[in-house]
Amino acid sequence: MILCRVVGTVVATHRCDDIPGARYLLVQATDMKGQGRTGYHVALDPLGAGPGELVLLSRGSSARQTESSHQKPVDAIVAGIVDQVDAHGHAVYRK
Amino acid sequence: MILCRVVGTVVATHRCDDIPGARYLLVQATDMKGQGRTGYHVALDPLGAGPGELVLLSRGSSARQTESSHQKPVDAIVAGIVDQVDAHGHAVYRK
Amino acid sequence: MILCRVVGTVVATHRCDDIPGARYLLVQATDMKGQGRTGYHVALDPLGAGPGELVLLSRGSSARQTESSHQKPVDAIVAGIVDQVDAHGHAVYRK
Amino acid sequence: MILCRVVGTVVATHRCDDIPGARYLLVQATDMKGQGRTGYHVALDPLGAGPGELVLLSRGSSARQTESSHQKPVDAIVAGIVDQVDAHGHAVYRK
Amino acid sequence: MILCRVVGTVVATHRCDDIPGARYLLVQATDMKGQGRTGYHVALDPLGAGPGELVLLSRGSSARQTESSHQKPVDAIVAGIVDQVDAHGHAVYRK
């Protein structure tokens with residue numbers, strides 16, 4: 001997984017996924033301290049992450065291992081909302 | 001998923017996929033505002049996206065999670081046609 | 001999928017795949033007009049593509065979705081032989 | 001797999017994985033001698049790797065091939081704790 | 001698949017894979033002539049490839065499509081030992 005910051009939403013009414021009420025977030029990858037912004041991803045969000053939150057992004061077939069995304073054409077999912085990141089014995093990110 | 005712009009089509013009559021009437025689109029990845037053009041992908045299109053439309057591209061095994069692509073050698077699919085992208089509280093793309 | 005040009009073959013008699021008569025091609029990724037040469041791939045070829053032909057390369061688990069590659073340790077396959085690519089309303093490649 | 005150095009932990013109490021007591025490590029990819037630090041990954045750790053240890057990171061659907069990660073939205077796992085790396089006939093890393 | 005040169009071994013006694021006698025090789029990706037060295041991979045070797053040999057590396061879920069790696073957290077495997085590579089009508093590599 002990688003750390004990503006929630007920056008927005010993507011609306012697509014014509015989709016293949018048939019997931020009622022599916023919520024797609026626009027997220028940007030960060031460094032390991034939750035800082036910086038590199039590439040973006042569009043990810044299904046089953047957790048209700050809010051704008052600006054740091055999340056764990058899981059990609060590939062692993063994105064389909066939830067009740068809502070099972071057997072759906074979804075290749076990225078918000079798998080967790082990050083509370084804290086510790087590196088080298090220090091908290092480098094706190095929610 | 002990533003955002004891509006539909007730029008054309010690819011015709012291949014000799015294929016492994018055995019999908020009658022399969023439609024393969026040529027799409028180019030964009031930035032998160034639907035602008036710019038970077039790498040291209042060839043994707044199965046079950047939604048009938050038109051030239052110039054912004055779409056959601058799903059890759060890997062997730063591309064096989066539709067009725068037409070199930071158990072087919074397809075690694076990229078048009079999973080949605082994008083209506084709107086919001087970032088930092090503002091619409092950065094509208095269809 | 002991506003577009004690739006067939007440039008050669010790879011022979012490996014000691015393999016894990018147990019596919020009788022398996023044919024592995026050396027292909028190079030091209031731009032979306034079928035031009036240029038970037039990275040190379042070694043791909044199973046169930047279609048009999050010839051040297052110099054432009055093909056559709058499918059990667060990952062999707063490469064196993066054919067009769068010959070089913071449950072085999074193959075991560076790239078020639079999924080189609082390209083006849084024509086159209087971009088922005090014009091043919092940019094014709095076989 | 002690639003070699004990674006354990007540098008910290010990631011805490012996310014709100015997750016999709018439903019794995020009781022799941023432990024997520026922050027790891028950084030190294031060169032083949034276990035030196036240097038490039039990109040980071042967040043990986044499930046079923047082995048109890050300690051800070052500073054060199055580990056084998058497995059990604060994608062392979063990360064789900066353990067008892068704890070089976071059918072969970074996890075795309076990276078600590079698959080082994082490295083004791084020694086030999087290259088060109090010499091030990092280039094020893095635990 | 002890509003071509004890789006066998007450069008060494010990785011020993012990890014504490015692993016998730018439960019494969020008795022599993023042998024992990026350190027390999028480096030080469031160009032299509034089997035020359036040069038770029039990124040490295042750690043791959044399960046069911047074929048007994050020797051140091052310096054050129055091999056076919058298969059990655060992702062395809063690495064699990066052998067008897068020894070089935071349902072194991074292994075994302076790279078030595079799928080073949082290369083005898084010859086031909087490009088543009090000439091042998092560019094011979095074992």
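Two strands are taken to pair if DSSP finds at least two bridges between them. In this predicted model, strand β1(A) and strand β5(A) are joined by 4 bridges and run antiparallel. Within this pairing, L3(A) has L56(A) of β5(A) as its bridge partner. Strand β1(A) also pairs with strand β3 (residues 24-29) of chain A, again in the antiparallel sense, over 6 bridges. Strand β1(A) is mostly covered, with 7 of its 10 residues buried.

Pairing of β1(A) extends to another chain. Strand β7 (residues 84-87) of chain B pairs with β1(A) in the antiparallel sense over 4 bridges. In β7(B), A87(B) is the bridge partner of G8(A).

Chain A also pairs with chain D, through β7(A). This strand is joined by 4 bridges to strand β1 (residues 2-11) of chain D, and the two run antiparallel. Residue A87(A) stands opposite G8(D) in β1(D).

The contact between chains A and D takes 26 residues from chain A and 25 residues from chain D. On the side of chain A that touches chain D, at least two residues each are supplied by β1 (2-11), β5 (54-59), β6 (76-81) and β7 (84-87) of chain A. The residues of this side comprise 14 nonpolar, 9 polar and 3 charged.

Definitions and conventions
Residues numbered from 1 in each chain as written. Chains lettered and ligands numbered in written order. Predicted model: local features only at pLDDT ≥ 70, side-chain atom pairs only at ≥ 80, totals over all residues. Contact = placed C-beta atoms within 7 Å. Nonpolar A, V, L, I, M, F, W, Y, C, P; charged D, E, K, R; others polar. Buried ≥ 20, exposed ≤ 12 C-beta atoms within 10 Å, placed from the backbone.
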